Amino acid sequence: MAEKESKTELNQRVERILEVLDREYGREYRCYLNHETPWQLLIAVIMSAQCTDARVNIVTADLFKKYDSLEKFADANLKELEQDIHSIGFYHMKAKNIISCSRDLVEKYNGQVPRSLEELTSLAGVGRKTANVIRGNIYNEPSIVVDTHVKRISRKLGLTAEEEPEKIEYSLMEILPRDHWILWNIHMITLGRTICIARRPKCGECFLREHCPSARE
């Protein structure tokens, strides 16, 4: 049985992992959901639950032309909006949440997307993950977005043993420097889509293999 890693050893390994990720992927913040305004990003993220970013981008290309203001989303007909977004899955609940969220943004926040976690998560369809996407991408607030890639790869790297997204978020916050909180999600998405693929991880090609316990199993 392998010896348990000390806190010092873990911190040193995390430092090496981040150095390699920065070298491979850079430190540029980028969002994979197309948007021009904060409220467009918020609606796109609501739509992205259990759906690929690529599919959401296809749908929003026309959607944001038809509904070119937050007020139009707030006043949208539910059945019509359902048809507009039906290809993304779970469209009944997503359409309902988009209208409710848009109305709250117009009526309570003067059309502005709020900044605080508490205010964001009070909006329909906005959980902690969605709120952190907004805080990180719109307001540059250090935040860790725990999506499927972050959860899976962080566990494979031995950086957390937690299962619940919020607990994973807090455990990663303890070992990752704040300047990498937003980058961690960006890097894990890229790694998860290209090398550390869920069903067929390419461990032999991975530049993190010497730092990854799973690659040695």
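Modeller: What follows is a set of questions about this structure, which is a predicted model, with each answer setting a value against its cut-off.

Colleague: Why is tryptophan 39 called buried?

Modeller: The relative accessibility of tryptophan 39 is 12%, and buried means under 20%, so tryptophan 39 counts as buried. Phenylalanine 73, at 0%, counts as buried by the same cut-off.

Colleague: What makes the rings of tryptophan 39 and phenylalanine 64 a pair, and why is the pair called edge-to-face?

Modeller: Their centres are 6.1 Å apart, and rings pair if the centres lie within 6.5 Å. The planes stand at 80°, and an angle over 60 degrees counts as edge-to-face, so that is what this pair is called. Because tryptophan 39 is in helix α2 and phenylalanine 64 in helix α3, the pair ties together parts that are 25 residues apart in sequence. Both tryptophan 39 and phenylalanine 64 are buried.

Colleague: How do you know that tryptophan 39 and phenylalanine 73 are edge-to-face?

Modeller: For that pair the distance is 5.9 Å centre to centre, with 70° between the planes, which can be set against the limits of 6.5 Å and 60 degrees. This pair links tryptophan 39 in helix α2 with phenylalanine 73 in helix α4, 34 residues apart. Trp39, Phe64, Tyr67 and Phe73 form one aromatic cluster, and a search of the whole structure finds 5 aromatic pairs.

Colleague: Which residues touch the most other members of the largest nonpolar core?

Modeller: That core has 36 residues, and those that touch the most other members are Leu42, Met47, Phe73, Leu81 and Ile85. Helix α2 gives the most to this core, with 8 residues. A second, separate core has 27 residues, among them Val14, Ile168, Trp184 and Phe207. As a general matter, nonpolar side chains in soluble globular proteins tend to be buried together.

Colleague: How do you know that tryptophan 181 is buried, and what does it touch?

Modeller: Its relative accessible area is 7%, and the cut-off for buried is under 20%, so tryptophan 181 is buried. Leaving aside residues up to four places away in sequence, tryptophan 181 touches Pro142, Ser143, Ile144, Met173 and Leu176. The side chain of tryptophan 181 also reaches the backbone oxygen of leucine 176 at 2.8 Å.

Colleague: Why is phenylalanine 90 called exposed?

Modeller: Exposed means over 50%, and phenylalanine 90 has a relative accessibility of 53%, so it counts as exposed. Phenylalanine 90 lies in the loop between α5 and α6, and its phi is near 50°, a positive value in a residue other than glycine. In the loop between α6 and α7, asparagine 110 is likewise exposed, with a relative accessible area of 68%, and its phi is positive, near 55°. Such values stand out because most residues other than glycine have a negative phi.

Colleague: What makes the length of helix α1 agree with its number of residues?

Modeller: At 1.5 Å a residue, the 19 residues of α1 should span 27 Å, and its end C-alpha atoms are 26 Å apart, so the two agree. The buried residues of α1 pack against α10 and α11.

Colleague: How do you know that the charged end of arginine 193 is over the ring of tyrosine 32?

Modeller: The charged end of arginine 193 is 4.9 Å from the centre of the ring of tyrosine 32, and the distance limit is 6 Å; the angle must also be within 35 degrees of the ring normal, and the pair is counted as a charge over a ring.

Definitions and conventions: Residues are numbered from 1 along each chain as its sequence is written. Side-chain values use heavy atoms; hydrogens and water are left out. A nonpolar core is a set of buried Ala, Val, Leu, Ile, Met, Phe, Trp, Tyr and Cys residues joined through side-chain atoms within 4.5 Å. Buried means under 20% relative accessible area, exposed over 50%, partly exposed in between (1.4 Å probe, protein chains only). Helices (H or I, at least four residues) and strands (E, at least two) are DSSP runs, numbered from the N terminus. Contact means heavy atoms within 4.5 Å. A polar contact is a pair of N or O atoms within 3.5 Å; within protein, one must be able to donate a hydrogen and the other to accept it, and residues adjacent in sequence count only if both atoms are side-chain atoms. The expected span of a helix is 1.5 Å times one less than its number of residues. Rings of Phe, Tyr and Trp (its six-membered ring) pair if their centres lie within 6.5 Å; planes under 30 degrees apart count as stacked, over 60 as edge-to-face and the rest as tilted.
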